[in-house]
Amino acid sequence: MGAVKSRSKKREGAASVAARRAVDVGGVAAMGKGGKGRGSNLSVTAVSDTFLPVRVALVCLILFVGVAAAFLYSRGRVSFLSLEKVDKTIHVYGYEIVHEFPHDPTAFTQGLFYDGNETFYESTGLYGKSSVRKVDVTTGKVLQNRWMHNSVFGEGLTLWDSRLLQVSWRTTKGIIYDKSTLTPVGSFDHPMRDGWGLTTDGEHIIGSDGTANLYFMDPSTFKEVRIITVQDEGQSVTRLNELEYIGNEIWSNVFMTECIARISPKDGKVIGWLLMHGLRRSLLDAGFKRIDVLNGIAWDNMTARLFVTGKLWPKVFEIRMIDQTSDPDTNMEKVRKSCIR
Ligand SMILES: [Ca+2]
């Protein structure tokens with residue numbers, strides 16, 4: 001019975017092959033290519049058979065290309081993710097107070113920078129109270145002062161050669177002072193929509209105007225060289241105020257917040273947040289009145305000292321940053337909520 005079964009299977013197998021060929025033939029005939037006799041249909045089947053190795057090779061090639069593409073994509077994706085991880089690592093810093101220095105409590109600070117020899121240059125705002133001044137760091141004493149016209153609200157200040165450059169609120173005109181005497185010696189027009197903060201990278205004058213834009217200006221003509229828009233993960237950081245160029249970064253107070261943004265001058269990306277929360281509160285708790293917002297960053301490049309103050313603050317603080325990026329309590333969502341308005 002077994003042998004009979006076997007032969008039967010062989011016959012069925014042969015019948016199946018014949019049936020498949022019949023279907024093949026019928027298929028070709030149905031396509032209108034046949035109808036010329038058995039010979040021509042067989043010849044089509046024969047041609048198909050000769051292409052079988054080619055088809056197999058083609059499938060292998062497609063598989064190979066697919067695997068190779070997947071491999072390369074995989075490698076590319078790994079590389080992309082690792083870059084993305086680096087880009088997305090925004091550092092968060094707290095602070096500790098290193099020293100406290102006296103500061104004129106009537107100074108509505110709008111510009112501040114360190115000029116060596118324990119001196120700051122500072123500009124102040126408010127109509128009728130605006131000034132440019134030279135200040136002793138240690139004592140807070142105003143060594144030289146130049147009051148501005150009552151109609152001008154002083155804003156950011158920086159130094160270019162021996163000239164102080166200052167912008168003013170709600171104008172596009174800046175004032176140039178002789179640094180040694182604080183005598184106004186000229187003016188300039190700038191491309192910003194308003195005058196808020198100023199600093200320099202040694203090549204350009206960099207300014208803020210209360211938006212998320214930072215303007216790089218030619219120090220001779222004050223023409224716009226380029227503009228960067230400051231963003232944190234695609235979210236514009238508006239109200240950029242007092243500025244300081246530190247290392248290869250631009251640091252900016254964000255108006256009405258207790259945050260200082262560390263910004264890449266290359267593309268405007270926020271690369272770090274320095275959180276000054278609690279500093280203003282400590283002044284209020286100590287009994288000082290009329291303490292306005294944090295504003296004023298100065299950097300002593302020689303000894304790497306970082307100073308911050310605020311409008312009508314009776315103190316300038318020298319602070320040291322503490323990296324809190326990896327602290328369990330650091331929550332980027334909360335940081336952004338408190339720093340970006
Ligand atoms: Ca500054």
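1. Two strands pair if DSSP finds at least two bridges between them. Strands here are DSSP E runs of at least two residues, helices are H or I runs of at least four, and both are numbered from the N terminus. On that basis strand β1 (residues 91-102) and strand β22 (residues 315-323) pair in the antiparallel sense, over nine bridges. Tyr-93 has Asp-323 as its bridge partner in β22.

2. Basis of the note. This is a predicted model; local features need pLDDT of at least 70, side-chain atom pairs count only at pLDDT 80 or more, and totals for chains, interfaces and linings use all residues. Residues are numbered from 1 along each chain as its sequence is written.

3. Confidence. pLDDT is the predictor's confidence in each residue, from 0 to 100. The mean for the protein is 84, and 77% of its residues reach 70 or more. Two stretches stay under 50. Residues 1-47 are one of them, with 13 contacts beyond four places in sequence. Residues 72-87 also stay under 50, with zero such contacts. A contact means two C-beta atoms, placed from the backbone, within 7 Å.

4. Overall make-up. The protein has four helices and 22 strands. Of the contacts with a separation of 6 or more, 49% are between residues 24 or more positions apart. Buried residues make up 32% of the 341 residues. Buried means 20 or more other C-beta atoms within 10 Å of the residue's own; exposed means 12 or fewer, and partly exposed lies in between.

5. The β21-β22 hairpin. Strand β21 (residues 305-310) runs antiparallel to β22, joined by three bridges. Val-308 has Phe-317 as its bridge partner in β22. Four residues lie between the strands, and Leu-312 takes a positive phi near 65° in this hairpin.

6. Nonpolar cores. A nonpolar core is a set of buried Ala, Val, Leu, Ile, Met, Phe, Trp, Tyr and Cys residues joined through C-beta atoms within 7 Å. The largest has 54 residues; Phe-120, Val-230, Val-237, Cys-259, Ala-261, Trp-273 and Met-276 touch the most other members. Beyond four places in sequence, Val-230 contacts residues including Ala-212, Leu-214, Leu-240, Ile-263 and Val-270. A second, separate core of five residues includes Ala-107, Phe-108, Ile-291 and Trp-313.

7. Gly-207. This glycine is found in strand β11 (residues 205-208). Why is Gly-207 buried? Because 30 other C-beta atoms lie within 10 Å. Its contacts beyond four places in sequence include Gly-156, Val-167, His-190 and Tyr-215. Gly-207 and Gly-195 are 12 residues apart in sequence and 7.6 Å apart in space, C-alpha to C-alpha.
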